[in-house]
Amino acid sequence: MPSPSTSSLPGTPTHCPYCALQCAQTLTPRDTAAGADSARAGQDGQPPLVVEGRDFPTNRGGLCRKGWTSAEVLTAPDRLLMPQLRTPDGGFREAGWDEALDLVAAGIRTAQQRDGADAVAVFGGGGLTNEKAYALGKFTRVVLGSRLIDYNGRFCMSAAATASNRSLGLDRGLGFPLADLGGADAVLLLGSNVAATMPPFVQHLEGVRSRGGLMVLDPRDSATAKLTADGAGLHLSPVPGTDLVVLLALIHVVLAEGLLDADYVAERTTGLPELRTATAAWWPERAEAVCGIGAERIRETARRLAQASPSRGGRGAYILTGRGVEQSTQGTATVTAAIDLALLLGLIGREGSGYGPITGQGNGQGGREHGLKADQLPGYRLISDPAARAHVASVWGVDPDSLPGPGVPAVQLLDMLGRPGGPSTLLVAGANVVVSAPNAGAVRERLASLDLLVVLDTVPSETALCADVILPVVQWAEEEGTMTNLEGRVIRRRQARPAPGQARSELWILRELAARLGDASGFPTDPAAVFDELARASAGGRADYSGISHARLDAEGSIQWPCPGPEHPGTPRVFLDGFPTPDGRARLIPVEHRAPDDDVREQAPLHLITGRLLEQYQSGAQTRRVPSLLAARPGSFVEMHPLLADRLGVEDGEVVLLRTRRGETRAPARISEDIRPDTVFMPFHYAGEGSANLLTNDATDPLSGMPEFKMTAVEVLPVRSLERSPA
Amino acid sequence: MRIVVIGHGMVGSRFAADLAREDPSAEITVLGHEDHDPYNRVQLSSVVAGKADATSLALEQADSPQVRVLRGVRAVAIDRERREVVDARGDRHPYDRLVLATGSAARIPDIPGVRIDPDPAHDGLISGVSPLKDLDDARRIIDAAGPGRRAVVLGAGVLGLEVATGLAARGMRVTLVHHRERLMERQLDPDASDITRGALERLGIVVATGVDATGITARDSRLTGVRLSDGSMHPAELMVLCTGTVPAVALAAAAGLDCEHGIVVGEDQATPKDPAIFAIGDCAQPPEGASGLVAQGWDQARRLVQAWSPALATGAAPVPAGPRGGDLVRVKAVGLALVTMGRIDRAGPSGHAPRSVRLSDPAGGRFTEVVVQDGRLVAATVIGDDEAAASLSAAFTRATPVPRDPVHLLARPLAVQGAAGTARPVTEMDDEEIVCQCNGVSKGAICQAVHAGSTNAGAVSKATRAGTGCGTCRLQIEELCTATKAAAAAGAAPDGPSREAAPVQPPPAMAAARAATAPEPADAPEPADAPSTRGGGGSSVPVSTSSATAVPEPELV
């Protein structure tokens, strides 16, 4: 179904398939573009679409290497073009859709007849469009009747979402347009490496860098931390697992030195006395011995933020959090402290200042708003709220009592698989959990214990290769829909070419399964129609999309939610008039630092941290299939400081063994002065030997279910010495 | 279980709050003789220095119906036989377990004229003289302080240094008086003391060592001067007594419990004579000795809670001490970074001799000494380097492995250096080096594009994608355009012979792959700016290296 735009326009305006920045692109079929760009077209092996950056408020025409090469994934040599069924010898055979879908439906029926509705679980992904996320949530609750759905966004945004909802009454990611950052005097980036993960973002930091106000908290001298060099700002390098201590000390300094915006705090917040006492014990000199950042540097950071704040006549300040501080067993507490700090300085709900988490996945925002989360219904409604259930049930035309209750967060869900009382069938859509989940070795075992694993994917990802049934689905340039970017901006994804082979949209697959399991009437396959239903279901919810439609987006470009009516212009900046809490005030919430779950010890004396590379994305299922990206970053490695390498007796490129309580793996050492000598870093994009998540901790934050990816105690040994000694 | 806590200070209040959280069956009564809520005494010197607001000192306390706090109620006796605490009103508080967290009092030296009432039981002091032990003291000191006024600070321990620098920061003319020749003699050796003295003098503080205060002068019952043992007279409107503390043991001693300097307790914080009575914080004297630091008291509180909590209990054995740091001493002085940690006589399990190296830079006001044993930092002193102080403190408390050659610890390598020097000009880069990180475009590829007719940054971006990501390299591209065109006009090739060797349009990925596989210098950075590393140190340092040359330790793997 080619979109109207492909026939009438030379290029299709859409957005990049990867991260939450959702850079605007124009896709042009290569033959059409040949005249315009003869240098890159007309050679064998070139992708079918030419990608160009398109001017948009977020990327201003820029793209990174992943975006420029995104079209190459469309024609990956191992692209899935037909359903695949597991054969008795452990391989796969191609099958027709009817055979595959009949088999899946029969498996679901058998499991549920035997063990009840929760015998089938669903695991979604933050890369799915709003329409697909919504339909998957509805399918789980209405057709399967199962409470067990969650998604990989749990690994991404759950801590920030939990904290934002608790403190501010709302989680919209950035509650302001990204471009607002450009006018600030100070930006504090906590655990985010945007220069590598979403490079065009950096354009918005130009202003604050020119004023010397970029402050970056990262154990590594990352590409983003380097942006603070030469007077552009400050880099704070904490001991991994101690980010919360830094924040508590910053709050302490703001209160001790009277730097707070007293009028704002009095009018717009509650909880100051409790926060005061909770942070009284974190004077900078005490924090210093825990986090390794000098007391004076902590004071300077607090003072710079305060000077930039509006109450002191500054141009404004922003505090932004990323996965580096959020992926922790105290992730919610850490984000809460960041919000506390922003509230004390009077930053939130004021034009030109603010707090926001930097969403990671392409539709990590929309996914968490419209039904992929275990405890939520569309519109960011709680599934445990009777009024929310009644509203959504009326849109869905079902009895509210027929809707299941809340399920369990991702790590817990994965751990239940195949166990007594746990689900025996799992549907995975848009996730590669055997690479991306913590303690991935255990996840692989859980998947193997299932009766039926169904994976919807575009390529044979590592998780798809564990499946009994693989269903081939379309990619971004082959479908219509919407995404919600990191600033709560709803944007259009448009089709630029037909789907290859027999790849189908998830919307079609869900309708076909619904038909086989009972009633397909609630599952239209036209994305615009699905969106209209989503909009109705979200009406009155926290994430209200009811005034948005595909047609309106096509006419206006993009709209930031909430948008409660067709005449409503959308909401670029939230909280300007108050907080959506019962009393209209934000909550200052005291939090406490506890050590990481698996802290360094005699047998594992080093900190293992994980993160992303510029040239790869998430589990690498897409980017490892782009030859130029794979050539740039062909495999996993362990980044370590020369002093640590010297201590271990390891040369650059030499393979080392890493051992944690979860497991062990090997990877070559990459020696770099950009990391603390007490810490090693691994990228998490790789499968098999060197896969970082074989090592990471699946302990979770009690409030959000966020696992502790970012700090694991590890032992590192040179393989050479192991092979020398007979033991 | 009925638990009575005597003392509602920093340690007692935290213990009660933590125990209530961990043990829902505990019924806790806290007797605090002060009227106000617990507050952060550690920060009193920061209040005096004007760095902290007095309102920011209140500490968290138990918020639980399990905890009954009796403020302004002084315990006067422990009836061990009946297991009851008697308060000043005569009320009795039965306990199953009693925790003494009575803290300590300031030691008031015996200087003629200082006390209003010669009876040492009364703590009334002449106006203008004060210790710094509570908020009232801090307020008194601040009231007496002011630019141009004169102060004598008696005692150059940690608190004395903090108060002296704090008053100097308020513009006072400060004389710091110490009865020993060495400042902070429990922590500093003579060299470190000399450098500290120099740093204080640079802040305008007069340092008088080896002398004591022998008398005062006063007018209208207000201090006007202090006389020292060398006969000198120092006019002063304020004298702050930083002459140590005395653990509050009277209650325990009267109850027949063993008291030496403090209340004697075992590793489990219990008194040997009465297993139902425990002591934590400044009043306690544990086997390893009391440090007088709140970190030790808080760790004792944590361990006691953990040992008692049904959920956390690990068995009969005492809960091990937490992360090290009980003896980490950080001077919170304005304009003077000073931290000491550890003891060099603490032998490691292997029996390997500790290695000690030091950097001593009197003119620069810097001093760092580290002692390494079995691959861990066991002691250190840092003066005048905030970041080194921070990174060594973290390495010490977390016991993370340190570099094989301890000399590297002297030059702040443990944190990422960050924000270092200016980047090399793009014109001096090699062709293979990546200019646009976002798109992996090398300098050579950009120069090629310029040669091929892309004469400005926009055209280069279109041809190579360089500068189309984060955009931070656009200036460099512009520079390359200018330089390449200028060189071409002059008939020279600025990018050297590889221009010919380079492919017509090198795929960005190739360049990136080359860059990724190029070996990076693996050598550890030498502390090039370290002015001197000389051997030796105090007599208590058994081994030292005499130069920066690495002396390998035995392999640990």
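Leaving aside neighbours within four places in sequence, which residues is B:Gln300 in contact with? In this predicted model, the residues that B:Gln300 contacts (contact being heavy atoms within 4.5 Å) are B:Gln269, B:Ile280, B:Gly281 and B:Pro286. B:Gln300 itself belongs to helix 7 of chain B, residues 294-308; helices (DSSP runs of H or I, at least four residues) and strands (runs of E, at least two) are numbered from the N terminus. With a relative accessible area of 1%, B:Gln300 is buried, where buried means under 20% relative accessible area, exposed over 50% and partly exposed in between, for a 1.4 Å probe and protein chains only.

Residues are numbered from 1 along each chain as its sequence is written, while chains are lettered from A and ligands numbered from 1 in the order in which they are written. Because the model is predicted, local features need pLDDT of at least 70 and side-chain atom pairs count only at pLDDT 80 or more, whereas totals for chains, interfaces and linings use all residues, and side-chain values use heavy atoms, with hydrogens and water left out.

Chain A has 27 helices and 30 strands. Of its 727 residues, 68% are buried. Among contacts in chain A with a separation of 6 or more, 73% are between residues 24 or more positions apart. One pairing across the sequence involves A:Val530, in helix 23 (residues 527-538) of chain A. A:Val530 and A:Asn130 are separated by 400 residues in sequence, yet their C-alpha atoms are 9.1 Å apart. Not counting residues up to four places away in sequence, A:Val530 touches A:Glu131, A:Tyr134, A:Leu507 and A:Pro524, and A:Val530 is buried, at a relative accessible area of 3%.

An α-helix has 3.6 residues a turn, so residues three or four places apart point the same way.

Helix 4 of chain B (residues 158-169) can be described in the same terms. Its twelve residues should span 16 Å at 1.5 Å a residue, in agreement with end C-alpha atoms 17 Å apart. Nine of the twelve residues are buried, so helix 4 of chain B is largely enclosed by the rest of the structure. Those buried residues include B:Leu161, B:Val163 and B:Leu167. B:Gly171 follows helix 4 of chain B and has a positive phi, near 90°.

Most residues other than glycine have a negative phi, and most peptide bonds are trans. B:Arg83, which is not a glycine, has a positive phi of about 55° and lies in the loop between strand 4 (75-79) and strand 5 (84-87) of chain B. B:Arg83 is partly exposed, at 36% relative accessible area. B:Asp220 likewise has a positive phi, near 50°, in the loop between strand 13 (213-219) and strand 14 (222-228) of chain B, and is exposed at 71% relative accessibility. In chain A, a cis peptide bond with omega of about 0° joins A:Trp561 and A:Pro562.

The two chains meet where 73 residues of chain B contact 76 residues of chain A. The area buried between them is about 5,800 Å², with 53% from carbon and sulfur atoms; buried area is the accessible area (1.4 Å probe) that two parts lose on being put together, summed over both. Seven salt bridges are counted between the chains, each a side-chain nitrogen of Lys or Arg within 4 Å of a carboxyl oxygen of Asp or Glu. The side chains of B:Arg376 and A:Glu602 form a salt bridge at 3.9 Å, N to O. Helix 8 of chain B supplies nine residues, the largest share of the side of chain B that touches chain A.

Terms used: Expected span 1.5 Å × (residues − 1).
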